[in-house]
Amino acid sequence: MTPLFPRVQEVENIFHKILASKEACARLRETFNSSLEDFQGSEELNNETFSKVVLDSYSNQDISALLLAICGKSMFDLLRDAYLIPQTFHGKAGENPVLLTSPSGDLLEGKDVSHHTMRRFKTILSQHQPVPRSLVYLADGYDIERYYKHDGSVDQRKTDAVRGILLLYALPDTKKLHLTTAQVYAIIWDTFFSIQKEAPLARVYYGQETGEKNDKDYDEIAILLPTHLFRRQMVEHMEIIDGLVLSCREKMMAEAGNDSLEL
């Protein structure tokens, strides 16, 4: 039988980094315990479907399918909820996050944002000096929650919507630089973990070859800072994250043996 959740090899390459961090291991266990407690008493799975899922998971050696049945989270859902891996970025036209403004800071047609939020957003834009090859948007981000339907199939839904300032940065095209997925994710994870320490509630997204300029593809990393940080030194957070991402760019180039950044 085919596993419901195929193994994601490129993410598995960072497991050793998580295991080497006491803080990361503690986050993972705490997230699992919390998810298990919240999931108790759920009636989404009847006894027959639950039993089938557990037995199929055993037969397929599919730990994500088993975890989804017992705590409502797949392996990578737990890692994302514990802020240990970034979410997948699908480009500026993707459904998560959803951009609410243009690169110049103007509200996009059809988007509903309060005058107060737009005023604060414009103020922050005027105070922040963006680094090269970066853009700032107002955006809505979501968690993607997977769940079993009564027939045992898996579906997903958006949960925990967060509105905030999205910092979007171009990164080198790691495929063109011939970096392995293990090398890429090791660098991204170090940057990701540093960003989470600076802003624990930030949502981080990473995508390979999601950007394009002059017919050339490039990778992107995006950081969504919740709007409640408007009241807590938002600009200072943005400046620190700018520095962390610039350092990430340099590490990618150094790892690839290049001394110039072509984006």
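Buried residues make up 46% of the 263 residues in this chain. Buried here means under 20% relative accessible area, with exposed over 50% and partly exposed in between, using a 1.4 Å probe and protein chains only. A word on the source: this is a predicted model, where local features need pLDDT of at least 70, side-chain atom pairs count only at pLDDT 80 or more, and totals for chains, interfaces and linings use all residues. Residues are numbered from 1 along each chain as its sequence is written, and side-chain values use heavy atoms, with hydrogens and water left out.

Now the overall picture. The chain has nine helices and six strands. These are DSSP runs, numbered from the N terminus: helices are H or I, at least four residues, and strands are E, at least two. Among contacts between residues at least 6 apart in sequence, 70% join residues at least 24 apart. Contact means heavy atoms within 4.5 Å. The accessible surface is about 14,100 Å², by the Shrake-Rupley method with a 1.4 Å probe. Carbon and sulfur atoms account for 50% of that surface.

Next, a helix pair. Take α8, residues 181-198, and α9, residues 234-256. Their axes come within 10 Å and cross at roughly 165°. So α8 is roughly antiparallel to α9, a label for angles over 145 degrees. Which residues make the contact? From α8, they are Q183, I187, I188, T191, S194, I195 and E198. From α9, they are H237, I240, I241, L244, C248, K251, M252 and E255. The axes are lines fitted to C-alpha atoms over the stretch in contact, and angles run from 0 to 180 degrees between N-to-C directions.

On to strand β6, residues 216-226, and its residue L225. Buried or exposed? L225 is buried, at a relative accessible area of 0%. Leaving aside neighbours within four places in sequence, its contacts include A199, A202, M234, H237, M238 and I241. R163, G164, I165 and L167 are also among them.

Last stop, R203. This residue is found in strand β5, residues 203-213. R203 is buried too, at 8%. What does its side chain reach? A polar atom of that side chain lies 2.8 Å from the backbone oxygen of D160. Beyond neighbours within four places in sequence, R203 is in contact with Q87, G141, Y142, D143, D160, V162, A222, I223 and L224.

Definitions and conventions
A polar contact is a pair of N or O atoms within 3.5 Å; within protein, one must be able to donate a hydrogen and the other to accept it, and residues adjacent in sequence count only if both atoms are side-chain atoms. Angles under 35 degrees count as roughly parallel, over 145 as roughly antiparallel, 65 to 115 as roughly perpendicular and the rest as oblique.
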